[in-house]
Structures are given as C-alpha cells and as structure tokens.
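Me: I have a model open and want a quick walk through it. Can we start with the contacts?
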Amino acid sequence: MNTISYRKSVAWGKALGSLLFVLACLFLLYAAFFMDTSMIRKFFCITSAIIGIPFFGGYFVACLPRALSSSTAVLTYDDHSISDGTRTVAWAEISRVSYKGPSIRKWLVPQFPEMIFHLTNRDTWKVNTYYLITDSEIQSVMKQLRGLISRNGKDTK
C-alpha cells in the first residue's frame, strides 16, 4: 500500500502556533479584566479574544490529534482502490478529483481544505487535509492523484 501523507513537523508547527494564539487571546482577556486599562482597550481586548479563541482554538483541536497520531497518512492506495481509513473506493468508480481551498463559514468557523473525489455515480467523496498538506505539496498531490485515476481508473473487463 502506498500513502499520501503529511509531515509531522507541519502538524506540530501548526498545532503549537494555534496554541500560542489561543494563549495570546487568554492574555487579552486577563488584561481586560485584571489590568488597569481604558474602556476602549478593554473593549478591543475582549472583542479580539472572543473572535480569536474559537477561531484558533478550533484549529488547535483539529491539529493536535493529528500531531499526536502515529500514522501520518491522509490517503492509502494500491492498484485497485484508494482509502482514507473510513471509506474505500475503487479507482474505476472515480471520474475525477478536485481541490477546494479553505474558507470561513458562519461564526468564523474555518472550512478546512479538502480533496473532492467525483464518483461515476454522481456522488462525491470529500477528504479533509486540515491544512496539513502545504500549498506547495497539494499541487504535486493533485497531479499524482490525477495520474493514478487515469492509469488505474480504467475498467479491466
């Protein structure tokens, strides 16, 4: 079985970076309530913390388990199928693959980047990358997946 993996250092770097921002937001709350600051500074400290904690905290919660995980595989594949660990799809069932970049949903909840496999039955299979595959790596991964689909996706009847 071959794998498409993320680098453990990327997972740790992003988890620790988001933790640092969460701690900075907690310090802003501390500064707003326990330090002698003006009302306008209190307002900006509290507002920044209210926005920052869910934004960076959600990302920390998503990255930390992947940094602690022993397996770094996002996808595993062979000549017959591809799997994300929960779903396995045969190459012949995949018509194409596309990439949807990150975005922000309602209430500043991040929408993680994902690879979208378009199946021949008009269904889609979405695989989150959780920002762990970097922008430079995603281009080569998508090229590799398209090559695998064209090479292995032909029905052998």
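Me: What share of the contacts with a separation of 6 or more comes from residues 24 or more positions apart?
Reply: 61% of them. Contact means heavy atoms within 4.5 Å. This is a predicted model, where local features need pLDDT of at least 70, side-chain atom pairs count only at pLDDT 80 or more, and totals for chains, interfaces and linings use all residues. Residues are numbered from 1 along each chain as its sequence is written, and side-chain values use heavy atoms, with hydrogens and water left out.

Me: How many helices and strands are in the protein?
Reply: Three helices and nine strands. These are DSSP runs, with helices H or I of at least four residues and strands E of at least two, numbered from the N terminus. The order along the sequence is β-α-α-β-β-β-β-β-β-β-β-α.

Me: Compact globule or more spread out?
Reply: More spread out, because the radius of gyration is 20 Å, well over the 15 Å from the globule rule for 157 residues. That radius is taken over C-alpha atoms, and the rule is 2.2 Å times the number of residues to the power 0.38. Along the principal axes, the C-alpha box is roughly 75 × 30 × 25 Å.

Me: What percentage of the residues is buried?
Reply: 34% of the 157. Buried means under 20% relative accessible area (1.4 Å probe, protein chains only).

Me: Which residues of H1 are buried?
Reply: Val10, Ala11, Ala15, Ser18, Val22, Cys25, Ala31 and Ala32. Helix H2 (39-68) is among what covers them.

Me: And where does H1 run?
Reply: Residues 8-34. Its 27 residues reach 38 Å from first C-alpha to last, close to the expected 39 Å. The expected span is 1.5 Å times one less than the number of residues.

Definitions and conventions: Buried means under 20% relative accessible area, exposed over 50%, partly exposed in between (1.4 Å probe, protein chains only).
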